[in-house]
Amino acid sequence: MYKLGIAKKILLKLKTDFLIIGGGVSGLSLAINLANLVPDENIFLITKESLIDCNTYYAQGGIACVWNNNDNFEKHIQDTLIAGDGLCDEKVVRAVITNAPERVIELIDMGVKFTQNAEGDYDLGKEGGHSERRILHVNDQTGQNVEQTLIKEVSKFNNIQIKQNWCAINLFSNNFRCDGAYVLDQESEEIYNISAKATILATGGAGKIYLYTTNPDVASGDGIAMAYRAGAIIANMEFYQFHPTCLYHPYAKSFLITEAMRGEGAVLKDIRGNKFMQKYHPSNDLAPRDIVSRAIDAELKRTGDDYVYLDIASYKKPDFIKTHFPGVYDECMKFNIDITKEPIPVVPAAHYSCGGVLTKLDGSTKVKNLYVIGESACTGLHGANRLASNSLLEGLVCAHECANTLAKEVKNLKINEFKEWEPGNAVPSTEAVVISQNWDEIRRFMWNYVGIVRTDLRLQRAKKRINLLLDEINQYYWDFKIEKNLVELRNLATVAKLIIVSAISRKESRGIHYNIDYPDKSTMSRLTTLRRPW
Ligand SMILES: Cc1cc2nc3c(=O)[nH]c(=O)nc-3n(C[C@H](O)[C@H](O)[C@H](O)COP(=O)(O)OP(=O)(O)OC[C@H]3O[C@@H](n4cnc5c(N)ncnc54)[C@H](O)[C@@H]3O)c2cc1C
């Protein structure tokens, strides 16, 4: 067991009916759905930083949804199953995809203004792995618009209280029942003991585990690590998706160049101007993103270059580029890259966690009263690889299902108060450098040893290092004052170990897990599951 330090020796108790940890698409949608269904219950939602600091805000491409007569559910289902490479749960895939139009219409009703074409129809984008145009988007700033609309909507409900800059440290669970969480208010430095009838983790991904990522700083896998410590089953962590095209520039932090750009004709080239995707896949630049990431990785290793180019300037007129990709245009201009005139330097980067806490469609887990939705969950939708633009959709559908379940269950649930935070011998740390050193070390060896292309030897090396670091990090919890960086470091290390152990146990290459020592798929398709202790 970990013994935890304390920020200040003040203990504050709060009670609520539902505690939602996370305010991206899944957390906010759940709050709104619940508030509508059970207006007499109180909902308390916390976010680690401000509300807009979440993966949702950065989503560019859009939301996949069957929308016109050229398309049908069966095509979207098949595309998702093909991407998932034998590990999707087909029932879940069918449920998510057939629910999509209703969830999208709800967003439209709330005020999301998806981009329309000259005829007034929605302008449907196409992305890698999709057989049809079916991506509803708000130019290239879909997530920002969805998040802002949900923030506006959530503010209409009196029974939803939101606290920003509150960082969940750990869940309180006993005998596989969760009664709430310990939460650090980062401004007052007080630790709250929040008990709830049900606790819902909507904490997003864990991209910060890797050196290069498209994710914002909040993505440190907190929910997955907390659920793991609480006894939930964690599944498929080896399937971390790498986005092929993240802007490469010394001062650009995690900026993704949307896949929709390749959908509109942009082409990958090495820095000498040679196209290379034809060597790797018959769909060339529109191959699934794992193939494209691996192809870029192989080209970089072959040539020794630091980056490749994504060229839209040679294929589309400046007006088209500016109207379709205003976000990318503006961001690149900040670094003096004019994408209407020159190619964009790009590298692959960690992007999306296909694995997570094993849940049903409604977010329920093996721990009673603990629910997990959104990117932290592993519902079976993505299998061994996520189809582009299926994740905002999953967040919306699972939030809807979760709210329905909680509304039905609420009469059977009660608030159980739990024991106070146990202060350790914590003192303020004068040695912040050890935390940043460990953080850097994890991100670097995860990138080099547990990245796009893996080997048994690299994975074993990573395992040795993470075991050492986990020992050190657990020690800090005795000695150091609890603050967000330390909470995140412990969670990063836990999730890194979950990824490493899962990757070692998969003796094949499948979906986005590629191990040179086992280049083929085995005949046995199965989930990788882990439960404490490993
Ligand atoms: C650059 C980028 C582009 C993308 N483009 C697309 C796209 O076009 N289409 C698509 O479908 N998907 C896209 N994705 C993926 C998609 O955005 C995410 O999977 C989805 O938004 C996740 O939503 P979520 O609600 O699960 O988590 P998030 O939106 O990441 O929200 C997580 C929340 O949890 C909170 N949190 C985390 N830890 C704690 C803690 N310890 N205590 C308190 N709060 C905590 C955070 O503060 C935040 O509020 C993209 C992702 C990125 C990064």
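This is a predicted model: local features need pLDDT of at least 70, side-chain atom pairs count only at pLDDT 80 or more; totals for chains, interfaces and linings use all residues.

Me: At what angle does H6 run to E14?

Reply: About 40°.

Me: And how do E9 and E14 pair?

Reply: In the antiparallel sense, over two bridges. E9 covers residues 234-235, and E14 covers residues 356-358. Ile234 stands opposite Val357 in E14.

Me: What sheet are they in, and in which order do the strands come?

Reply: An open sheet of four strands, ordered E16-E14-E9-E17. The pairing is mixed. E16 (377-378) and E17 (529-530) are at the edges. Each has a single partner strand, so one side of each has no neighbour in the sheet.

Me: Switching to helices. At what angle do H3 and H4 pack?

Reply: About 135°, with their axes 10 Å apart. H3 is residues 73-84 and H4 is residues 90-110. That angle makes H3 oblique to H4. The crossing is right-handed.

Me: Which residues meet there?

Reply: From H3, Phe73, Glu74, His76, Ile77, Gln78, Thr80 and Leu81. From H4, Glu90, Val93, Arg94, Ile97, Thr98 and Pro101. By class, the contact has six nonpolar, four polar and three charged residues.

Me: What's the average pLDDT of the chain?

Reply: The average is 92, and 95% of the residues score at least 70. Over residues 1-9, though, the pLDDT is below 50. That stretch still has 36 contacts in the model beyond near neighbours in sequence.

Me: How should coordinates be read where pLDDT is low?

Reply: Not in detail.

Definitions and conventions:
Residues are numbered from 1 along each chain as its sequence is written. Side-chain values use heavy atoms; hydrogens and water are left out. Axes are lines fitted to C-alpha atoms, for helices over the stretch in contact, and angles run from 0 to 180 degrees between N-to-C directions. Angles under 35 degrees count as roughly parallel, over 145 as roughly antiparallel, 65 to 115 as roughly perpendicular and the rest as oblique. A crossing is left-handed if the near helix is turned anticlockwise from the far one by less than a right angle, and right-handed if clockwise. Contact means heavy atoms within 4.5 Å. Ala, Val, Leu, Ile, Met, Phe, Trp, Tyr, Cys and Pro count as nonpolar, Asp, Glu, Lys and Arg as charged, and the others, Gly among them, as polar. pLDDT is the predictor's confidence in each residue, from 0 to 100. Two strands pair if DSSP finds at least two bridges between them.
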